[in-house]
Structure formats: structure tokens, C-alpha cells
Amino acid sequence: MSRFKADADRIKEDALYEAINVLVWGPGNPGPVTSAETRAAYEKRLQIKDVLKGKFPRAEVHFSEDPEMINVSQGIHGQLRREALQAAAADLILMLDNSRGADLELDHFVPTYSWFRDKVFVFLPEQYVPPKGLVAEVFDYLRPDQVEGYSKQEFDLCHVATIKAVNAAHSIALSSLLKRL
């Protein structure tokens, strides 16, 4: 193996130990009585959180509704304002865009806050990529690599969590590390 490759591989490995703040946005806990599809969407969000915590041991990975995040935004009035504060403190916001709440967050935050746009990666069902109509105007603020579709098979086989979310987090962690080298 060349020294270039060995050095690059070491840097990529070191990035996994960056202390990054990650928010995972998407469908909330639907409760005990719900459809299998709604339950699967929430469970995928849980899986993304768990995979990232395991792969990036120094990262803080949270949902906005986690007690730690509620504490961060204590005393702030308005859900969107609370989430904006949390997002401002995050290095990465991963959005599993398969719920009405995630759609609203995306529609509000992307056009409103320029700082938000560089932090967000959106995963949505492949039939919606590329977005069309009015939705496309929101996505036009983002780089193409920040919007990634997934198939039902990729969703079921956990690729959304184990590949797509990990790759997004790794790119942010690598950027953080490279700024310090």
C-alpha cells in the first residue's frame, strides 16, 4: 500500500473519533397503537441514532425531544425556535424525511437559516428524488450530495442507517478534523 493511501486511511479513521454534535430529525414516537409503516419509520430513526453512537464514540447524537435537548432549549418559547437553537449548536442534522413534522422542519429551516443549509443531510424515499414543484424550491438551497433517496430495500436492509447516515456523519467529522490539521 502506498504511503499516501496509508496516511489517507489513517486520517479517515481518525475522523471517526471527532467530537461532533448530531441531531437526528424525523418521525416521532408514534405510541403503541399505530400502523406498521409509521412504527418502522420511527424505528429507523432510532436505528440511525444507535448506529452513529456506535460508529462515532465521541459524538453526541440526539433527537430534539431527548431530555438533553429539552434542557438545552429550556425557557425558549416556540418549537421552531427551540429546534433552531439546537440545530445551531449541531454540526450535522440528519433528516429522515418521511413524516409531516420533518417536512415542516425542512420547509422552515432550509430557506430561513443559511447556516442550517451546510449542516443538513436529507434522506427520503427515492420516488421523491429529485423533488418536484414547490418542494424542489426548498431543495434548491441544498447541494445535490445533501439529498439522498433510498429504496424500500435499502430502508429494510438498514442501509439508511449503516451506510447513508454513517457516510454523512463521516464527511462532517472528516471536515472537522481537516480544519485542525
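This is a predicted model: local features need pLDDT of at least 70, side-chain atom pairs count only at pLDDT 80 or more; totals for chains, interfaces and linings use all residues.
Let's count two residues as being in contact when heavy atoms of theirs lie within 4.5 Å. Residues are numbered from 1 along each chain as its sequence is written, and side-chain values use heavy atoms, with hydrogens and water left out.

Back to Gln86, whose place is in helix H4 (residues 79–89). Helices here are DSSP runs of H or I with at least four residues, strands are runs of E with at least two, and both are numbered from the N terminus. Is Gln86 buried or exposed? Its relative accessibility is 4%, so Gln86 counts as buried; the cut-offs are under 20% relative accessible area for buried, over 50% for exposed and in between for partly exposed, using a 1.4 Å probe and protein chains only. The side chain of Gln86 also joins that of Ser73 in a polar contact of 3.2 Å. That term stands for a pair of N or O atoms within 3.5 Å; within protein, one must be able to donate a hydrogen and the other to accept it, and residues adjacent in sequence count only if both atoms are side-chain atoms.

Now for the strands. In S4 (residues 120–125), 6 of the 6 residues are buried, so this strand is largely enclosed by the rest of the structure. S4 pairs with strand S3 (residues 92–96) in the parallel sense over 4 bridges, pairing being called when DSSP finds at least two bridges between two strands. Across that pairing, Ile93 stands opposite Val120 of S4. S4 also pairs with strand S5 (residues 147–150), again parallel and over 4 bridges, and there Val122 stands opposite Val147 of S5. To get from S4 to S5 the chain passes through helix H7 (residues 133–139), in a right-handed β-α-β crossover. Right-handed means that, with the strands pointing away from the viewer, the path from the first strand over the helix to the second runs clockwise.

Next, look at the loop between S3 and helix H5 (100–112), where Ser99 is found. Ser99 has 17% relative accessibility and so counts as buried. Its side chain reaches the backbone nitrogen of Ala102 at 3.3 Å, and Ser99 touches Gly26 and Pro27, with residues up to four places away in sequence not counted.

Another serine, Ser35, sits in the loop between strand S1 (21–25) and helix H2 (36–55). Ser35 is partly exposed, with a relative accessible area of 38%, and its side chain makes a polar contact of 2.8 Å with the side chain of Thr38.

Finally, have a look at Cys158, in the loop between helix H8 (152–156) and helix H9 (159–180). Its phi is near 75 degrees, a positive value in a residue other than glycine. At 22% relative accessibility, Cys158 counts as partly exposed.
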